[in-house]
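Please look over the sequence and the three-dimensional structure shown below before reading on. The briefing that follows goes through the structure topic by topic.

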Amino acid sequence: MTVIKEYSEGRTTFLCADVEHYSRDQGLATSDLPVFYNKRMQLNRDISVLFLSAYMKKNPIDLMCEALTGSGVRTLRYLNECPGEFRAEMFDVNPLAVEMVQKNIELLSLEKRALVKRGDAKELLMTESRGKRFDYVDVDPFGSPAPYLNAAIQSLNPRGALLGLTATDMPALCGVYPRVALRKYGGSSIRAPFSHEIAVRLLVGLTYSVAGMNDYSIIPLAALSTDHYIRVWFRIKADRITSNRQADSMGFIRYCPNCMHSESVSLRSISPDSGFQHQKENCDGKVRTAGPLWIGNLYDSEFLNLAGEMLPDYEDSFHKRVPRLLELMKMECGLMKYAYVDLHELCDLHNLVPPKTSAVMEELRNMNYRVSQTHFRPTAIRTNGPVSEVARIIRNLTGEG
Ligand SMILES: C[S@@+](CC[C@H](N)C(=O)[O-])C[C@H]1O[C@@H](n2cnc3c(N)ncnc32)[C@H](O)[C@@H]1O
Ligand SMILES: [Zn+2]
């Protein structure tokens, strides 16, 4: 008999295996729980509730699917907290999880809208979408969503659908295991201060490729990088003409740790380290090259604005970090061509004391550069100004110029 506990998240109450009872490690969720639930992923689910609501404002959905559901909390929250009467299917390979989800469906009186099935996600995505394709597929697995991507994309409504992907295999994506990234995501990761952005772009690049193989195009709607995971939301539809055009958004990001200059370059136009313009005079640092990966947009500003309009409806039940994260996403949205510069790392490189980020930003604005903070890192900025100029500004501000 599983020891069960009642939990509440957002505006939803549900049952799950008692995490404290089963974990040896201070209540932390581990993959050997009888039924998986990780409280620390609440922020991910809060933003997912918000983004699904925002998406549905323009694209009402009829049927969604969560391919790896655990306790079901994510989809139960969608059904309970998002507007509309859409239906949902939930899958899990673990029979105890399926039993728990069924209990939760009954507890929330969602029998008419929710269905849970036991089995392998890849198989069920294909078979369950035969009659009617999904308008939203959510893939939130342990580790990488890559193994489920092809089935997930093939299960989507070709007229247009939402796809949400979470990845938690950060060592591969952030440059600790570049070969693993190449194997799983089709592009090398690198160690860099902006490695979490590279992680997102590797996942978007893989999604572009798998979608493209199936004659689908992608629009990245939003990306989230926080704690120990990344998450990306896409609108996907059958459209090979657009997908062909999007080939120009596949490329490399090159970065020199010696001077912190970085730039992106289209795959179609280069040999990996030709023409890399180091910002520091006489810099002969060895260039690191990430990719092939996605170098196009990661946000859709209209989508983020819609999410912002809907946020007041949810704010009382969401994690307190949600409003600020959304605000930062909106701010950085127009500057995604420029990899972020971590001011503390730049100061370490030049032996400088970090000044206030706001002071650096103001100086850049005074020089007519565009600049914003980024949700990826509190100590970083994005700007169209060169990193050498940022270093010069810091030197002036700290009186070491
Ligand atoms: C990270 S948990 C899901 C968490 C859930 N999405 C949430 O937001 O709480 C991953 C789940 O996938 C299930 N799982 C693992 N491999 C699977 C497979 N091949 N097919 C279906 N489910 C699988 C596990 O039993 C586990 O419940
Ligand atoms: Zn250099």
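In which sense do strand β1 and strand β2 pair, and over how many bridges? Strand β1 (residues 4–9) and β2 pair in the antiparallel sense, and six bridges join them. The model is predicted, so local features need pLDDT of at least 70 and side-chain atom pairs count only at pLDDT 80 or more, while totals for chains, interfaces and linings use all residues. Residues are numbered from 1 along each chain as its sequence is written, and chains are lettered from A and ligands numbered from 1 in the order in which they are written.

**The hairpin at β1 and β2**

- Helices (H or I, at least four residues) and strands (E, at least two) are DSSP runs numbered from the N terminus, and two strands pair if DSSP finds at least two bridges between them.
- β1 and β2 form a hairpin with two residues between them, and G10 in the turn has a positive phi of about 55°.
- Within this pairing, E6 has L15 in β2 as its bridge partner.
- Strand β2 (residues 12–17) is largely enclosed by the rest of the structure, because five of its six residues are buried; a residue is buried if 20 or more other C-beta atoms, placed from the backbone, lie within 10 Å of its own, exposed if 12 or fewer, and partly exposed in between.

- Strands of a sheet pair through backbone hydrogen bonds, either parallel or antiparallel.
- β8 and strand β9 (residues 229–238) run antiparallel and are joined by 10 bridges, and I218 stands opposite I236 in β9.

**The surroundings of ligand 1**

- Ligand 1 is surrounded by 20 residues, of which the closest are L68, G70, R74, A121 and D140; a residue is near a molecule or strand if its C-beta atom, placed from the backbone, lies within 6 Å of it.
- The elements that give two or more residues to this shell are α3 (73–81) and β4 (87–92).
- The shell divides into 11 nonpolar, four polar and five charged residues; Ala, Val, Leu, Ile, Met, Phe, Trp, Tyr, Cys and Pro count as nonpolar, Asp, Glu, Lys and Arg as charged, and the others, Gly among them, as polar.
- T75 is found in helix α3, and T75 counts as buried because 29 C-beta neighbours lie inside 10 Å.
- Leaving aside its neighbours within four places in sequence, T75 is in contact with E66, T69, A88 and M90.

**The crossing of α14 and α15**

- The axes of helix α14 (residues 357–366) and helix α15 (residues 387–397) come within 10 Å and cross at roughly 120°.
- The contact is made by A359, V360, E363 and L364 of α14 together with V390, I393, I394 and L397 of α15, and these residues divide into seven nonpolar, no polar and one charged.

**Backbone features that stand out**

- Most residues other than glycine have a negative phi, and most peptide bonds are trans.
- The peptide bond from G291 to P292 is cis, with omega near 10°, and P292 is found in strand β12 (residues 288–294).
- N351 has a positive phi near 55° and lies in the loop between α13 (343–350) and α14; N351 counts as exposed because it has 7 C-beta neighbours inside 10 Å.
- N368 also has a positive phi, of about 65°, although it is not a glycine, and N368 lies in the loop between α14 and β14 (371–374).

Note on methods: Axes fitted to C-alpha atoms, helices over the stretch in contact; angles between N-to-C directions. Contact = placed C-beta atoms within 7 Å.
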